[in-house]
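Grab a pencil and open the viewer.

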Amino acid sequence: MLNPRVLRPSLLRRLGAAAARAADWPPSPCRPRVFPARSNHSRGYSSEGSSKYDRPMRQFAEENEANRQPLTYYIVPSALLVFAGLATFVHYNDERRAVTQESQQTSVPKRCTTNRPAIGGPFKLYDTEKNEVTESKLRGNWTLMYFGYTSCPDVGPAEVQKMADVVKLLESKYGTKITPLFITIDPQRDSPAQLKAYLSEFDPRIIGLSGSINAVRQIAQEYRVFFKKVDDIGQDYLVESSHDMYLLDPCLETARCFGPEYEASDLAEAITMEIQKASKSSAN
């Protein structure tokens, strides 16, 4: 334990120091502590568009605005398409009108538009002078058509003679001209010279037509004519066939078909009735 004598001077020193500090009160003011300012940035899209997420949207909007086409860019092509369609429509109608006027100016009667069985069709054959004959060259006239061949032993010559008599009766009795047409179904043997010599024995006005085997077969099928070779021994053969005559109007449509049972006078009268009937229907 310390001696009180030793403690007294030290205590006195401490008390003196405390009194001195008390004499210096109040203390000097403390300097405030300054903290650096912190800026608050929003993590979302800013109002000024400075965010990194807003840059692609702004760039897309600017490109869209720059690439926007004017209204005429769409109107002009549409107007051109409409104009082209109208021009095509007008041109098509003009062509139809021109064809209609040309058909009305021709001598083909109105009855050409009548619906009939599909008998007949286009063909290309040759006459005894080797001139090409098509269906277009026969239009405008009444035609009496017969399919046969010059080597026919019995029915063929009788039918050709009937045709010649009908042509004479129509001209003398009824004042009607008609084109007689003989088409061979044996082009291998019926040459142009053979046809001409054969038909001149009946009436030189009868026109003989021939052609290739395929051309003859085609026209025979179009007019529903049956024929085939029988007893074929080289060049010595017969041809079985139908023996109908076809009356064709100026449109080259089949007006009527006549069988072998018709006599020349009956056939001439029936043809005259068909011509008169056609004239009345075309007048109406």
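This is a predicted model: local features need pLDDT of at least 70, side-chain atom pairs count only at pLDDT 80 or more; totals for chains, interfaces and linings use all residues.

Residues are numbered from 1 along each chain as its sequence is written, and side-chain values use heavy atoms, with hydrogens and water left out.

**Exercise 1. The overall picture**

Task: Find how many helices and strands the protein chain has, and what share of its residues is buried.

Solution: 
- Step 1: Helices (H or I, at least four residues) and strands (E, at least two) are DSSP runs, numbered from the N terminus. The protein chain has 8 helices and 9 strands.
- Step 2: Buried means under 20% relative accessible area, exposed means over 50%, and partly exposed lies in between (1.4 Å probe, protein chains only). Of the 284 residues in the protein chain, 30% are buried.
- Step 3: A contact means heavy atoms within 4.5 Å. Taking contacts between residues at least 6 apart in sequence, 68% join residues at least 24 apart.

**Exercise 2. A pair of rings**

Task: Decide what kind of aromatic pair F147 and Y223 form.

Solution: 
- Step 1: Rings of Phe, Tyr and Trp (its six-membered ring) pair if their centres lie within 6.5 Å; planes under 30 degrees apart count as stacked, over 60 as edge-to-face and the rest as tilted. The structure holds 7 aromatic pairs.
- Step 2: For F147 and Y223, the ring centres are 6.1 Å apart and the planes meet at 45°, so the pair is tilted.
- Step 3: This pair links distant parts of the chain, with its residues 76 apart: F147 belongs to strand 3 (residues 143–148), while Y223 is in the loop between helix 7 (213–222) and strand 6 (227–233).
- Step 4: Both F147 and Y223 are buried.
- Step 5: Now look for the aromatic cluster made up of Y146, F182, Y198 and F202.

**Exercise 3. Charges over a ring**

Task: Find which charged residues lie over the ring of Y237.

Solution: 
- Step 1: A charge sits over a ring if NZ of Lys or CZ of Arg is within 6 Å of the ring centre and within 35 degrees of the ring normal.
- Step 2: R189 has its charged end over the ring of Y237, 3.7 Å from the centre.
- Step 3: K229 also lies over the face of Y237, at 4.5 Å from the ring centre.

**Exercise 4. Salt bridges**

Task: For the salt bridges of R205, R189 and K277, name the partner of each residue.

Solution: 
- Step 1: A salt bridge is a side-chain nitrogen of Lys or Arg within 4 Å of a carboxyl oxygen of Asp or Glu. There are 7 salt bridges in the structure.
- Step 2: R205 pairs with E171, with the closest N and O atoms 2.7 Å apart. The two are 34 residues apart and link distant parts of the chain: R205 is in the loop between helix 6 (192–200) and strand 5, and E171 is in helix 5. E171, D203 and R205 are joined in a network of salt bridges.
- Step 3: R189 pairs with D186 at 2.6 Å, N to O. D186 is buried, with a relative accessible area of 2%.
- Step 4: K277 pairs with E274, the closest N and O atoms being 3.7 Å apart. Both lie in helix 8, 3 residues apart, about one turn of the helix. K277 is exposed at 51% relative accessible area, whereas E274 counts as buried at 10%.

**Exercise 5. Checking a helix**

Solution: 
- Step 1: Buried residues in helix 8 include L267, I271 and I275. The buried residues of this helix pack against strand 3, helix 5 (155–173), strand 8 (245–248) and strand 9 (254–258).
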